[in-house]
Structures are given as C-alpha cells and as structure tokens.
Amino acid sequence: MGLGLLASKVRPTSRLFLNSPNPRNLFLRTITSKPELNKPEASAAPEPPPSDLPPRTPVAGARVHFSNPDDAIEVFVDGYPVKIPKGFTVLQACEVAGVDIPRFCYHSRLSIAGNCRMCLVEVEKSPKPVASCAMPALPGMKIKTDTPGAKKAREGVMEFLLMNHPLDCPICDQGGECDLQDQSMAFGADRGRFTEVKRSVVDKNLGPLVKTVMTRCIQCTRCVRFATEVAGVQDLGMLGRGSGEEIGTYVEKLMTSELSGNVIDICPVGALTSKPFAFKARNWELKGTETIDVTDAVGSNIRIDSRGPEVMRIVPRLNEDINEEWISDKTRFCYDGLKRQRLNDPMIRDPDGRFKSVSWRDALAVVAEIAHGVKPDEIVGISGKLSDAESMIALKDFLNRLGSNNVWCEGIGINTNADLRSGYIMNTSISGLEKADVFLLVGTQPRVEAAMVNARIRKTVRASQAKVGYIGPATDFNYDHEHLGTGPQTLLEIAEGRHPFSKTISSAKNPVIIVGGGIFERKDQDAIFAAVETIAKQGNVVRPDWNGLNVLLLHAAQAAALDLGLVPQSEKSLESAKFVYLMGADDVDLDKIPADAFVVYQGHHGDKSVYRANVVLPAAAFSEKEGTYENTEGCAQQTLPAVPTVGDSRDDWKIIRALSEVAGVRLPYDTLAAVHARIKTVAPNLVHVDEREPATLPSSLRPTFTKNIDTTAFGTAVENFYMTDAITRASKIMAQCSAMLLKK
C-alpha cells in the first residue's frame with residue numbers, strides 16, 4: 001500500500017475527531033503508574049546469572065575505566081551481568097557486554113543525536129523499544145537486544161531508510177565498507193514494499209576534497225556534528241523538514257576546515273566520499289600498511305592503502321594518545337605528490353648545465369673525490385624536514401669522519417640548546433592537554449602548524465571552558481581566545497606580572513604554555529625561553545605532578561635531530577662552505593651557498609634545491625622505507641614500506657653508508673639493526689618505538705631571565721598550510737586546495 005493511499009484512509013477519522021462536540025474528551029489517555037517504576041533501584045532485584053553463560057569480551061576489545069569504583073552499577077544484557085560506570089548509556093553497556101548494537105547516527109566522539117532509531121532495544125518494564133544510544137543505563141536494568149520486538153523494530157527502521165535510498169551500490173565508492181550495506185544484510189528485510197517514486201537531492205559542492213551524492217544521505221547528521229564540534233566550523237547544517245530534509249551549506253560556500261576530510265570516514269553511507277579517490281579502486285583490491293604521517297611534527301597514525309606500486313589513499317588509524325581517529329587534510333590527500341616530480345636515477349650536472357643519468361658507482365666516486373679535496377671546516381651537511389633518525393645519524397657520523405661538525409637540520413637555528421629534552425618537546429603530551437584549564441600560546445598558530453594538537457585544544461576548551469591567551473600575529477582560531485599581543489614585549493609584561501593574564505596563569509590549576517617551533521629560528525631564542533620559564537616559575541606551571549611547559553615543533557625530523565645533536569655551530573659556516581651535502585633539505589636559503597661550492601642533493605623529489613645541485617642522488621620517500629621519527633611529544637614511531645622504491649632510488653642511510661666506503665671512511669654498520677644500535681648510544685629513547693619517553697630533567701637549567709629581547713613581532717611559521725614540504729608541493733590536490741581554499 002502506498003503512503004499516499006495510507007494517508008487518505010487516515011484523514012476522515014481525524015476530521016471526525018475534530019468535529020466532535022467535545023474533542024478534548026476523545027484525546028484523554030489513562031496513565032497508570034506502579035511504585036516500582038518510580039524506584040528502579042528497588043524494583044530491579046539482581047537475578048543470579050545462569051551458571052552456563054560463557055565469558056564475553058567487549059566489542060572491539062574496549063576497556064572500561066572506573067574513575068571511582070563506588071560509582072559502578074550493574075545491568076543485565078540478555079541475562080548477562082555487566083558492571084559499568086554511572087552515566088554510561090544502554091548502548092555502551094551492551095558494547096561492554098560484547099553485544100554490537102547497529103547504529104548510524106551515534107558516534108563515540110560526537111554528541112548524541114538519537115535520530116536514526118537503528119539502535120532500538122527492549123528494556124524490561126518499558127512499554128516500547130528505546131533508543132539505546134540516548135538512554136542512560138540505570139542500576140539493575142534488564143536490557144534485551146535479540147528479542148522478536150527489537151528485531152522487528154530494526155527491520156522497520158531499515159525499511160524506512162532504504163525507502164528513498166538509491167540502488168547505487170555497483171557505482172558507489174563506499175561499496176565494500178558501507179554501514180548501510182552491512183546492516184541491511186544483517187538486520188533488514190529480504191524484500192521492499194515501497195513502490196512510489198524515490199526522492200532525489202541536488203549534490204552540493206564542498207570543495208576539491210569531498211565528493212557529495214546527497215541522494216544517498218540518510219540524515220544521520222554525523223557530518224554536521226563533526227563540523228560544529230570537532231572542526232569548529234559552522235559550514236554544514238540541516239535544511240528543510242519531512243521528506244524535504246537535506247544536509248547542505250546554509251549559503252553557497254566551500255567547506256574550508258583543515259579537518260574536512262574526516263567527514264568521509266564518519267559518513268556511514270556513500271553520501272560523502274573522497275573526490276580524488278573517486279572511481280579509482282575498490283577497498284578489497286587495496287593492501288593496507290600501518291605507518292605514520294611525516295607532513296608535520298604530530299606523527300599521526302595512518303594506514304596507507306596501495307595497489308601494486310601506487311599509493312591509492314591514506315586513512316587514519318586509531319591512536320588515543322596522538323590523533324584519536326582524525327587526521328588533517330594535508331595528511332590525507334598529499335599522497336599524489338608521492339608519484340610526481342620524483343627523482344629516479346643518480347645524475348651529474350654537465351659543464352653546459354644539463355643533468356645526465358649515471359650509475360651509482362660513478363656518482364658516488366665523483367662526490368667522494370670532491371669531498372676529499374676540500375678542507376674539513378668547509379664541509380657542511382643539512383638534513384631536511386622529512387629525514388628519519390637513521391639517515392641523520394649516518395650523515396652526522398659520515399661528516400664527523402671527514403673532520404667536519406657542521407651538520408644540522410632545517411628549522412633549527414644557531415646555538416639552539418639541545419642538551420635538555422624538556423626544552424624542545426611537548427612535556428604535557430598531546431593527550432595530557434585535555435587536563436589543562438589555561439593555555440598560553442607563544443608565537444604558534446597550532447591550527448596550521450599541527451592541526452591535531454589544535455583539535456585537542458579545541459576539545460579541551462569546549463569540555464572545560466579553558467581560557468586561551470595568544471601572543472603572535474593575528475590569525476584564525478576555531479575556539480574562543482584572547483589576543484594578548486603580537487611580540488615579545490607582551491611576554492615581558494606577563495613575566496614581570498604587569499599583564500592581567502599573569503594572574504590568570506597563577507590562579508590556574510593546570511596551566512599550559514606552548515611555545516612555537518618557529519622561535520628556534522630567532523636569534524633571541526634564549527632570552528624568549530628564559531622569559532617563558534620565568535612565567536612558568538611564577539605560575540607554578542612545572543610541578544612534580546604536572547609539566548605544562550611545552551614546545552610545539554614544526555617538522556617530523558626536528559625532535560630526533562635535536563636528540564641526536566644536529567645543531568648548527570656557527571652562523572657563517574654555510575657562507576664559507578665549499579662542499580654542501582643537502583639531504584632532503586629544500587627550504588635552505590640557497591643564496592647563502594657560495595657560487596663555487598659543490599652541492600650534493602640527496603632526496604626523493606625534484607624540488608627547490610635540485611636547481612642548485614651538482615650531483616643528485618635519488619632517495620626513498622617515507623612510504624617506501626623503514627624509518628624512525630620522533631613526534632613533538634617525544635614518542636618514537638616507525639614508518640613501514642607500503643610500496644616499492646621509485647626507479648633506482650635507495651634508503652637515505654644506505655646511500656651515505658655506500659658513499660662512506662667509496663670515500664675511504666667506512667661507517668661501521670651494514671644493517672638497520674646496527675644503525676639502531678648506534679642510535680642507542682646517542683639517544684636511547686629513539687629505539688623505544690611507540691613509547692613516549694618523558695624528559696627527566698626540567699629545562700630550568702637555562703640562563704636566567706634577561707630583558708635583552710628583540711622586540712620584533714613573532715612571525716608566521718607556516719604561510720601555506722597545504723604546501724610545507726617536497727611531497728605536498730608536488731601534490732596536484734594540495735595545489736587545488738591552495739588555489740580554492742586560501743583565496744581571501
């Protein structure tokens with residue numbers, strides 16, 4: 001029976017009611033109440049569980065943390081007793097009991113909407129099925145998840161959801177990983193009864209990253225809640241009502257958030273999919289490799305999905321301590337840069353200025369010969385933003401054996417203090433930021449420097465109304481903040497107690513100070529850090545139980561480089577160099593390199609520095625090698641090879657090891673394990689993979705506070721969020737984002 005026919009049969013009855021002389025009497029309902037319903041604790045006498053119940057494991061290995069054991073309550077799920085903390089919902093209680101409840105609108109990191117009704121279960125003494133995602137669990141509650149009533153309710157909900165859903169599965173990119181497909185198979189009927197015309201919705205343009213097919217949308221509002229709560233942008237909303245209801249932007253605009261790609265993951269159907277990945281591959285054709293991201297210093301956990309030699313897409317991996325289950329758009333969509341502008345073969349520049357391909361033997365022989373013809377103090381080595389710890393220790397050892405100590409990493413200024421780890425890592429830890437109640441951001445714009453750290457700060461501000469003070473150039477934040485000033489002068493005022501925000505810090509329970517990694521490039525960095533530590537001392541920021549003094553680094557290589565001691569010794573070493581070894585260093589000021597210097601470029605992309613190089617040595621990118629990276633909080637993590645290397649390229653440390661042998665200063669390691677043993681002698685924390693090694697000593701051993709600070713305002717460390725390194729600059733998708741989303 002069609003809905004139109006059904007409505008016509010109902011209409012006369014309602015008219016009869018309204019024309020009645022006393023319609024109020026017709027709508028009276030008798031409500032009866034039982035004493036035990038008012039006191040569920042008394043009514044729920046815990047029944048002894050049957051002795052033959054097998055032990056159950058929680059869904060997806062979930063663990064329950066009881067902050068206060070006295071707050072634990074017991075409920076019964078299908079007769080199985082389970083202890084949960086107060087405040088858990090019925091759905092969470094079922095998950096702890098090992099019962100997976102179907103859901104579309106519910107997401108553990110978003111607010112509860114309760115509008116898809118797929119999670120209906122029966123609760124004893126409840127007259128009808130309840131939405132388990134929105135119902136708090138009460139002591140002694142008896143929940144039934146597999147009764148005929150619950151199954152029939154889910155089947156009915158699924159029938160309504162499929163009523164207007166198009167039969168797009170063969171051409172839908174969500175196919176194979178679609179919640180609607182899975183749940184219609186598990187909980188749906190074997191046939192449909194709807195014969196009317198399905199509604200259709202106009203697709204929205206959300207930008208170059210997210211593809212929309214809004215006819216498939218089931219109005220779960222996950223994307224709306226994510227944009228509002230996590231990303232902090234009011235870009236998406238619900239328009240219309242009834243069958244005309246649809247998700248869209250209120251005005252015709254693009255989705256401009258740096259986290260917009262996450263709506264692809266949380267959309268349970270094929271309404272929001274990846275635009276660059278559209279029609280490229282099916283998910284069952286892909287090989288997944290669990291690795292980490294290197295486009296910033298956060299070290300987000302990712303999975304690289306590849307097919308043959310090509311990276312097809314990048315998706316997030318769950319890590320509660322670092323990125324939860326989100327990643328930034330730069331992390332997710334920079335992968336097409338891995339196959340563009342790649343260096344394939346060793347090359348030497350001819351006298352006429354053209355590169356010609358040569359063998360590895362010839363290229364290394366030329367480099368070794370030049371290196372031996374140069375004075376040791378005229379040899380300089382610079383590692384790039386994406387260098388792993390293995391290659392940096394190899395480069396340092398190689399140049400040390402040639403007699404030079406002029407080796408450093410990009411983004412680290414002259415005389416940076418690398419003696420104490422607490423002076424350059426995030427001591428609070430990324431997840432520890434959630435305990436803070438006051439933030440002071442000094443010269444850092446976390447939204448573009450480390451999007452996942454910014455998401456944590458926003459989460460804390462929303463949850464506990466933490467106050468945020470910011471010193472730096474005017475920038476865009478997605479949470480409430482107070483712009484205190486633009487330069488070190490404001491920092492001095494707070495340090496001397498002349499600024500109102502100094503009282504805010506001293507009265508806070510867990511204050512946090514975050515200093516931007518761009519400070520390392522300033523000549524007055526010691527004075528700035530001394531001022532920051534004065535504020536920390538006065539505000540009790542560093543205590544035995546709390547260390548709120550943090551540095552937010554900019555690049556994936558920075559923390560490991562500081563651990564290994566890759567710090568520039570002299571300001572003029574590059575200007576007087578005759579032999580310069582650039583290992584993936586593309587943001588070096590090439591004008592400082594003398595015209596007669598011999599430049600070796602070892603890297604994976606034909607980026608800026610290649611134009612100045614005399615010899616080019618092709619290296620492997622992060623997706624093609626096993627390498628150790630340390631993130632900004634001091635946690636060492638490893639990349640794993642997802643695809644084979646391009647052309648004749650090799651791992652960075654292997655190239656330097658081969659070069660050392662040709663140059664007659666052979667390095668004493670041939671395997672990755674031997675390199676790790678060497679790293680262990682310099683920085684033991686780098687070999688403890690997936691462990692965060694906290695700093696042992698406080699950084700307060702620096703020079704005492706002085707007032708000779710350069711009053712120049714803090715600069716912007718990241719000009720273009722979408723293009724920060726060789727991989728992202730080679731990406732066509734990132735170029736589209738820069739052109740469309742950064743337009744003023």
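Predicted model: local features only at pLDDT ≥ 70, side-chain atom pairs only at ≥ 80, totals over all residues.
Residues are numbered from 1 along each chain as its sequence is written, and side-chain values use heavy atoms, with hydrogens and water left out.

**View 1. An open antiparallel sheet is formed by 3 strands in the order 10-11-12.** Strands (E, at least two residues) and helices (H or I, at least four) are DSSP runs numbered from the N terminus, and two strands pair if DSSP finds at least two bridges between them. Strand 10 (287-292) and strand 12 (310-316) stand at the edges with a single partner strand each, so one side of each is left without a neighbour in the sheet. Neighbouring strands here are turned by 30° against each other on average, direction ignored, the axes being lines fitted to C-alpha atoms and angles running from 0 to 180 degrees between N-to-C directions. Strand 10 is joined to strand 11 (residues 301-307) by 6 bridges, and T289 has I304 of strand 11 as its bridge partner.

**View 2. Strand 26 (residues 615-618) carries buried residues pointing both ways.** V615 and L617 point one way, V616 and P618 the other, and all are buried, that is, under 20% relative accessible area with a 1.4 Å probe and protein chains only. In a regular strand the side chains alternate between the two faces of the sheet. Strand 25 (residues 598-603) runs parallel to strand 26 and is joined to it by 4 bridges, with V600 partnered by V615. Strand 13 (residues 347-349) pairs with strand 26 in the antiparallel sense over 2 bridges, and M347 stands opposite V616.

**View 3. The second largest pocket holds about 1,000 Å³ of space.** A pocket is an open set of points on a 1 Å grid over the protein atoms alone, where a 1.4 Å probe fits, with protein on both sides within 12 Å along at least five of seven lines; lining residues have an atom within 4 Å of a point. The volume is the space filled by probe spheres set on the points. Of the 45 lining residues, E410, G411, I412, G413 and E521 lie nearest the centre of this pocket. Strand 16 (407-409), helix 13 (446-449) and helix 17 (525-538) each supply at least two residues of the lining.

**View 4. Residues 149-188 carry the UniProt feature "domain: 4Fe-4S His(Cys)3-ligated-type" (unreviewed entry).** The span is 60% helix and 0% strand, and its end C-alpha atoms lie 14 Å apart.

Methods: UniProt positions renumbered as here; feature names shortened; annotations may be inferred. Buried < 20%, exposed > 50% of the residue type's maximum accessible area, 1.4 Å probe, protein only.
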